[in-house]
Every structure is written in structure tokens, then in C-alpha cells.
Amino acid sequence: MEYIRIFDTTLRDGEQTPGVSLTSEQKLEIAVQLDKLGVDVIEAGFPSSSEGEQKAVKAIVAAGLKAEVCCLTRTKKDDLDIAISCSPNSIHTFISTSEVQMKYALNMTREQVLKAAVDSVQYIKDHGLICEFSPMDATRTDLAFLRKICKAAEEAGADRINIPDTVGIMEPYSMEKLIRELKDVVKTPLSVHCHNDFGLAVANSLAGVVGGASQVHVAVNGLGERAGNASLEEVVMGLHLIYKKKTGVNTQLIYNTSRLVSRLTGVVIQPNKAIVGENAFSHESGVHTRGVTVEPLTFEPFSPEVVGRRRRLIAGKLAGKHGIKAELDELGLHPNEEQLMKIVSRVKELGDKGKSVTDDDLFAIARTIIGEAEEEKIINLTDLAVTTGIHVIPTASVKLTLDGKEYIAAETGVGPVDAAIRAIQKITDNLASVRLKEYRLEALTGGSNAVAEVIIKVEDKYGNVVSARGAREDIVMASVEAMVNGINKLLTRQRRMK
Ligand code: KIV
Ligand code: ZN
């Protein structure tokens, strides 16, 4: 099986996602996870852009990861020197080669661009580093000039030549053809870097591999400039399962990596996103839920565990008896036939009213019909204090009783809500290891004394997801109440499953 190298640019192009800015600690956390995931190259940043970026790259280099740590530079001596001072394994140097960018972005002639590229590659090689060269906007570059600059970079010693589809205008057939044409000109390994402006970044990257590229630039969750880069998870799974290629990626870590990146960047994953979206392995219609309950391959291309996930059967108006029964089994509830039929008809009634029925709703409906008691109040909040302000780190201390025993914890956070939720998690982590998946705040009435309703979704280590609410005039209290309710629901459910 042919090995395709995965060049991850989450921390560079991914950080160029509008609205995303990571601290050096967050970048390091992501880099460590990418290394565990098994990517070949981590593009750690663009050091000349800021001191913080240099600090982040240095920290990632110092972490001694298995992956090659790379940084990006323009073909300018100052950029190169700053990057070299960060001691990466490799430098990815780029310069625009399309007429429009050379004229309006660089104000340089072809000859000047060619010389800058060659000088830059030689400088990197003279410093003993691996060099990857990118003719930026390659896919809008005159083909003769593109060939010439790729050849010149090869002769100057470039170890890899990356072909960026900078504004995402390619389609798979022309991408494959372009890479084949360039392979006739250079022997240096080729790479592709595709943007998603027309939603074709993954398809174009895979086509680049078909054309002969041996490396693909990707970003977790498809982050990147504008519409983003080719997504790591889609490219890797496509390479493994459709094109039968090998990569170093441990696919079982894909979902956790995606969650980490989403949490730290604040970019929420759309529910219908392939591989990592909430719905990617969820089934609702009766035909599908029945099918996957009997044989998962009926309606799944591969099993969710391959990417570190689990299948979810959603109760909704399209749901069938089998799906709901399977879902209830997982929730630890076992209605008899008559009760099951009542539950199914209640779920369909709600679905017909346009309500989507969450696991939590299903649990509540089933519990009522089966006649079981309310969940126990396993944890109770007995005290809460928060401090926040301009010159203080938001801090919260909470007092809880858990199974009747009292616990106290304090934590800091980005704000008082974050601090309070972290303090609760500190106490309950060993027991429930609950992760906040979604947080929504709604003001029910106007004014600064409005009642705030907090709606959260929390997930435990078994993949159980419940939603919970809290409503108070104080946002921190409402958030804490929702969190405590959510943890109680999960603990009740866990205890029932035993
Ligand atoms: O999209 C692009 O062209 C880039 C370059 C820096 C390679 O990100
Ligand atoms: Zn890019």
C-alpha cells in the first residue's frame, strides 16, 4: 500500500480561520494531540507574524514530538532568520506565482519571484533544514512558469514541492492532470494544499494523490482561510477506505482530536459534517435504525468506532419501534411491548409537532410511561461564591453534597461561568467525567434583571448525552443549576445501566 504523508496545517492555515486565535499553550496542546494522532508534519505557525507565534513554535519544538515540526515563511531573509531561530525541523517557504498576485500583492516580476524562491530554498538548505517550497496560487499560475519555478526550486535543493490551490478554484479532474504534468517535470515529492471555496478541497486533494502527490496538506475540522482547507478527517478516511492508501494516522483518535480543536478554537462543527459531525453516525428513520440494529453495514460506510465514535439512534417522527427499543436498551430502560408502543406513539406525536426528540426527552417519556421515579438528586449544590473583575482572574468555589457527603472545590476560568463549571467538574470528574458539549444562554424577559435560561448538553465517558436546563436571574447560578441537573441525569442513567 502506498504511504501518503499527512502535513497538518491546523496551527497555521487553520489559525487563519476568521475569528480564531490560539494562545501558545493551546497551540502546544493541539500539537501534542496531532502528534498522538500520527500526522507526519505539524505546521506549527508563521513565526515572523508575532512574538507569540515564535513562542508557540519554540514550545512545540521543545516538546520533542515524533512529527516533523515545520514553520511557514515568505521568501524574505528576515522571515527565514526568525523561523530558523525557532529551530524547527523544516521550513515551508512560499511566494506568489500567479500574474494577479505577483502584480497586485507583490509588485514583482517573474524573474524577481524566481530568484527570491531559489535564494530562499538555498538559504534553508544551507542551514541544514528540510525545505518545502510552495508557488502560491499555483493553480492560477501560467503553466510554463509554474513548471519553470518548480524545476528551479528542485535544483536549488527543495525536498518537497507543494502545489497550493490558494483560492480553491480547482476541480478534481484538472487537479489530477496538473499534478501528473508537474510530475513529468520534477522528481521531488509533490504535495497538494487545497482550499474549500467551492466545497471541493477534499475531492481535489484526493485527486492530487491520484495524480501522483505523495503528501496532502490538511486541517482538523477543515479549518483555514475563508471556507477552509481540506479536512484532515475526510482526507484520511477517504485515503484509507476509498483509495486504499496508508497514512500514519491512528483513526481512532480522530473524533477526540476534532473535539479538542473545536473546543480550543471555538469553531463549532456543523451537525452534518462528514466523519466528526453530530449526525455522521446517527440514524433516525425506522428503515435505517432497524437496518443498523440488525447489521450496521446496511446504512453505514464503516463503523463509528473506527474514528473513535459510537452509533446514535435518534428517536423522532421517522423512528421505528426497533430503533427506539435499541436506544432504550442502551439507556438501561426495558419497556414491555405495550409500553414500547405507547412510547413510540408519544415520540411520533412530538415529531409531528416539529420537536426533535433528544436522548433526554426519550428517557423522560419512557420513564414516565414505564412509571419509574424521577432521577435521584445524587449531587446537590449547597454553596457557590464567584469573584470576577478587570484585574482579577475569575474564580469560583463550590460546595456540593455527593451521595450525602460534602465536597468543596475552587477553580479559575475565562469568566465566572467557566470557573464555576470547572469547579463542579473538579469534584465530579472521577465519578462522572462529564464534558460540556453545548451551552446556550437565553434571556426570558428583557432588562438586566432578566431571567436567564441556560440550556446545556453534557456527555459522559460512555457517550451518553443529556440536555439540562437552569433558569435564574443570575447567569452563573443558572449555569451551575443546569450543570448540576445534567450531572444528576447522567449519574442516574449510569447507575441504571449497571
Ligand atoms: O493557500 C495557500 O496558498 C497557502 C500558502 C501559504 C501555501 O496557505
Ligand atoms: Zn492555504
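## Two helices that cross

Helix axes here are lines fitted to C-alpha atoms over the stretch in contact, and the angle between them is taken between N-to-C directions, from 0 to 180 degrees. With that in hand, let's look at this predicted model. Helix H12, residues 321-330, packs against helix H13, residues 337-352, at an angle of about 105°, and the two axes are 10 Å apart. Angles of 65 to 115 degrees count as roughly perpendicular, so that is the label for H12 and H13.

Which residues make the contact between H12 and H13? From H12 come Lys 321, Ile 324, Lys 325 and Leu 328, while H13 supplies Glu 337, Leu 340, Met 341, Ile 343, Val 344 and Val 347. Sorted by type, the residues of this contact are seven nonpolar and three charged, with no polar ones.

Now to strand S15, which spans residues 452-459 and includes Val 458. Is Val 458 buried or exposed? Its relative accessible area is 0%, so Val 458 is buried.

Setting aside neighbours within four places in sequence, the contacts of Val 458 include Val 434, Arg 435, Leu 436 and Lys 437, as well as Asn 464, Val 465 and Val 466. Met 483, Gly 486 and Leu 490 are also in contact with Val 458. For Lys 437, the C-alpha atom is 5.3 Å from that of Val 458, although 21 residues separate the two along the chain.

## Salt bridges

Side chains of opposite charge can pair when their charged atoms come close. How many salt bridges does the structure hold? There are 35 salt bridges. One of them joins Lys 55 to Glu 25, at 3.9 Å from N to O. Lys 55 sits in helix H2 (residues 51-62) and Glu 25 in helix H1 (residues 24-37), so this pair ties together parts 30 residues apart in sequence. Glu 25 is exposed, at 53% relative accessibility.

Helix H1 also holds Asp 35, whose partner Lys 66 lies in the loop between H2 and strand S3. The closest N and O atoms of Lys 66 and Asp 35 are 3.8 Å apart. Lys 66 is exposed at 70% relative accessible area, whereas Asp 35 is buried at 9%.

Lys 115 and Asp 119 form a salt bridge at 2.6 Å, N to O. Both belong to helix H5 (residues 110-126) and are four residues apart, about one turn of the helix. Lys 115 is exposed at 52%, and Asp 119 is partly exposed at 34%.

Finally, a network of salt bridges links Glu 278, Arg 312, Arg 435, Lys 437 and Glu 459.

Terms used:
Residues numbered from 1 in each chain as written. Chains lettered and ligands numbered in written order. Predicted model: local features only at pLDDT ≥ 70, side-chain atom pairs only at ≥ 80, totals over all residues. Heavy atoms only, no water. Helix = DSSP H or I, 4+ residues; strand = E, 2+ residues; numbered from the N terminus. Parallel < 35°, antiparallel > 145°, perpendicular 65-115°, else oblique. Contact = heavy atoms within 4.5 Å. Nonpolar A, V, L, I, M, F, W, Y, C, P; charged D, E, K, R; others polar. Buried < 20%, exposed > 50% of the residue type's maximum accessible area, 1.4 Å probe, protein only. Salt bridge = Lys/Arg side-chain N within 4 Å of Asp/Glu carboxyl O.
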